[in-house]
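I'm jotting down what I look up as I go, starting with salt bridges.

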Amino acid sequence: MTRRPRLGVFSTGSELVPPGGRLGPAQAHDSNRFMLLSLLANLPVEAVDLGLLPDRRGETEAALREAALSHDMLLTSGGVSTGEEDHVRRAMEATGSLAFWRLAVKPGRPLAMGVVEGRPVMGLPGNPVAALLGFLHLARPLALHLAGAAPKPLPRFELRAGFSHRKLPGRREYLRVAVEAGPDGPVARKPGRAGAGQIASLLQSDAFAELPEDMGDVAPGDRILVLPFAGLF
């Protein structure tokens with residue numbers, strides 16, 4: 001019997017408060033770590049909660065180096081953009097190597113991938129929806145590969161769009177949509193506010209609409225690809 005790979009999960013950010021805790025000014029609940037641990041529970045891996053890292057460069061470097069020695073892969077969320085307190089990407093470079101940073105994806109551009117002590121380290125964005133998409137498209141396939149499991153492509157099907165959307169070619173975009181009955185069959189409609197930090201918007205949605213790089217503006221009635229939540233989690 002082979003050992004399940006150990007995947008360690010960090011949250012980063014001095015502004016984060018445990019779920020249920022009282023929020024002060026400029027604070028947010030630490031939702032990503034628990035979301036990622038729940039998603040990993042459905043995979044053939046051992047998910048390890050490594051807690052919350054404050055926005056301190058030295059502590060981030062030491063934590064990544066130490067955790068890499070006892071885990072097969074590390075996942076972090078937050079700290080991969082360009083702010084003064086975004087230390088994860090810089091910590092990867094200081095303690096190992098950076099394979100890539102930033103993707104032509106919305107939401108989810110500030111994603112970093114590197115290697116520390118010979119172990120893959122993936123820095124997901126701090127925004128919850130962006131972190132979820134990064135996990136589904138990059139972290140999940142890598143975790144399955146490390147476990148020796150067969151790839152599991154994400155399910156997709158076509159629906160008619162029930163909305164308009166401005167989109168520039170050259171970037172892949174994901175929109176939260178609700179699948180509703182229409183006069184000519186089911187259609188995908190956009191809910192209300194849907195910023196990458198609006199995790200509650202997932203409760204009003206059934207799927208992600210996937211708009212590929214070569215696609216331009218979307219008009220009502222256009223055929224679009226949809227990734228149903230029921231097949232993702």
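Is R33 buried or exposed? I get a relative accessible area of 10% for R33, so it is buried; the cut-offs are under 20% for buried, over 50% for exposed, and partly exposed in between, with a 1.4 Å probe and protein chains only.

A note on the ground rules before I go on. This is a predicted model, where local features need pLDDT of at least 70 and side-chain atom pairs count only at pLDDT 80 or more, while totals for chains, interfaces and linings use all residues. Residues are numbered from 1 along each chain as its sequence is written, and side-chain values use heavy atoms, with hydrogens and water left out.

**Salt bridges**

I looked up the partner of R33: its side chain meets that of D30 in a salt bridge, 2.7 Å from N to O. The rule asks for a side-chain nitrogen of Lys or Arg within 4 Å of a carboxyl oxygen of Asp or Glu. D30 is buried too, at 2% relative accessibility. By this rule I have 14 salt bridges on the list.

Next I picked D217 and R166, whose side chains form a salt bridge at 3.3 Å, N to O. This pair links distant parts of the chain, 51 residues apart: D217 sits in the loop between strand 13 (207-211) and strand 14 (223-228), and R166 in the loop between strand 10 (157-161) and strand 11 (172-182). Strands (E, at least two residues) and helices (H or I, at least four) are DSSP runs numbered from the N terminus. R166 counts as exposed at 70% relative accessibility, whereas D217 is partly exposed at 46%.

Then E213 and R172: their closest N and O atoms are 3.2 Å apart, in a salt bridge. E213 is in the loop between strand 13 and strand 14 and R172 is in strand 11, so the pair ties together parts 41 residues apart in sequence. I also noted that salt bridges with shared partners join R156, R172, E210 and E213 into one network. E213 is partly exposed at 31%, and R172 is partly exposed at 26%.

**Helix 2 on helix 3**

I checked how helix 2 (residues 57-68) and helix 3 (residues 88-95) pack: their axes come within 9 Å and cross at roughly 60°. That makes helix 2 oblique to helix 3. Axes here are lines fitted to C-alpha atoms over the stretch in contact, with angles from 0 to 180 degrees between N-to-C directions; under 35 degrees is roughly parallel, over 145 roughly antiparallel, 65 to 115 roughly perpendicular, and the rest oblique. Helix 2 brings R57, T60, E61, L64 and R65 to the contact, and helix 3 brings V88, R90, A91, M92, A94 and T95. Contact means heavy atoms within 4.5 Å.

Which peptide bond is cis, with omega near -10°? I find the one from K106 to P107, and P107 is in the loop between strand 7 (105-106) and strand 8 (112-116).

R102 is not a glycine, yet I read a positive phi of about 80° for it. R102 lies in the loop between strand 6 (96-101) and strand 7 and is partly exposed at 34%. E117 also has a positive phi, near 50°; I place E117 in the loop between strand 8 and strand 9 (119-124).
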